[in-house]
Amino acid sequence: MEDAINIQRKRIADAFEQHFRHYGFKKTTVDEVALDLGVSKKTIYKCFRSKDDIFYYIISNKAKERRLMIEKKILHLDTAWEKMETMIRINFTEFRKIHKKKPTGINDRFQSEIASAAFGEMFISLIWDIIEEGIVHYHQIMDIPRSISDMVHRTPKERTIDHGQ
């Protein structure tokens, strides 16, 4: 029974995502999506509390996919600090791509929300890993924002020199 509900939720969310991308969040209505899906509004509201809830569901799932993609890219690295540095670089590269161009609608909002959610989850997890590895002590935690800024703004050549490679 739960699988049927999850399948229905995914079907509804997929339809809403298409509408959000095409019409934008404000112009997308539950009535239109229900009509397109051939279901009642009641069916949609059995699966989700609101349109905001559907948007959050979509963003959460996309962020999870993005997080898994990033985890695959950093899995081979030895230390949590190296993983953090690489994860930050990946995310800031994506943020730059998104924000270099003028936002054109819901697709840009989706991409920004997805990147932000994935970054936040991984950042917190990696901070704890760094602390557990003993790399960072209390006084060094205060230097993390500066360290992140340094990592992001260094050139690839400077990063190679720093690691002695």
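The axes of the two helices come within 10 Å and cross at roughly 95°. Axes here are lines fitted to C-alpha atoms, for helices over the stretch in contact, and angles run from 0 to 180 degrees between N-to-C directions. On the α1 side, the contact is made by Arg9, Lys10, Ile12, Ala13, Phe16, Glu17 and Phe20; on the α4 side, Lys51, Ile54, Phe55, Tyr57, Ile58 and Lys62 take part. Contact means heavy atoms within 4.5 Å.

The model is predicted, and local features need pLDDT of at least 70, side-chain atom pairs count only at pLDDT 80 or more, and totals for chains, interfaces and linings use all residues. Residues are numbered from 1 along each chain as its sequence is written, and side-chain values use heavy atoms, with hydrogens and water left out.

The chain has nine helices and zero strands. Helices (H or I, at least four residues) and strands (E, at least two) are DSSP runs, numbered from the N terminus. Of the 165 residues in the chain, 35% are buried, where buried means under 20% relative accessible area, exposed over 50% and partly exposed in between (1.4 Å probe, protein chains only). The accessible surface of the chain comes to about 10,800 Å², and carbon and sulfur atoms account for 55% of this area. Among contacts between residues at least 6 apart in sequence, 68% join residues at least 24 apart.

Helix α2 spans residues 30-37, and its residues Val30, Val33, Ala34 and Leu37 are buried. These residues cover an arc of only 100° around the axis, which puts them on the same side of α2; the arc is that of the directions from the helix axis to the C-beta atoms. The buried residues of α2 pack against α1 (2-23) and α3 (41-47). Leu35 and Asp36 are exposed, on the face of α2 turned away from its buried side. After α2 comes Gly38, whose phi is positive, near 75°.

The largest nonpolar core contains 17 residues, of which Ile12, Phe16, Phe20, Ile44, Phe48, Ile54 and Ile58 touch the most other members. A nonpolar core is a set of buried Ala, Val, Leu, Ile, Met, Phe, Trp, Tyr and Cys residues joined through side-chain atoms within 4.5 Å. Two or more residues of this core come from each of α1, α2, α3 and α4 (51-74). The most are given by α1, with five residues. Another core, of 13 residues, lies apart from it and has Ile70, Met84, Met122 and Ile127 among its members.

Asp53 lies in helix α4 and counts as buried at 16% relative accessibility. Asp53 and Ala13 are 40 residues apart in sequence, with their C-alpha atoms 9.9 Å apart in space. Helix α5 (residues 80-100) holds Glu85, which counts as buried at 5% relative accessibility. Between Glu85 and Leu126, the separation is 41 residues in sequence and 9.8 Å in space, C-alpha to C-alpha.

Lys83 is also found in helix α5, but at 21% relative accessibility Lys83 counts as partly exposed. Not counting residues up to four places away in sequence, Lys83 touches Ile74, Leu75, Leu77 and Leu126. Lys83 and Glu71 are twelve residues apart in sequence, and their C-alpha atoms are 8.7 Å apart in space.

Methods: Accessible areas come from the Shrake-Rupley method with a 1.4 Å probe; for residues, only the protein chains shown count as cover.
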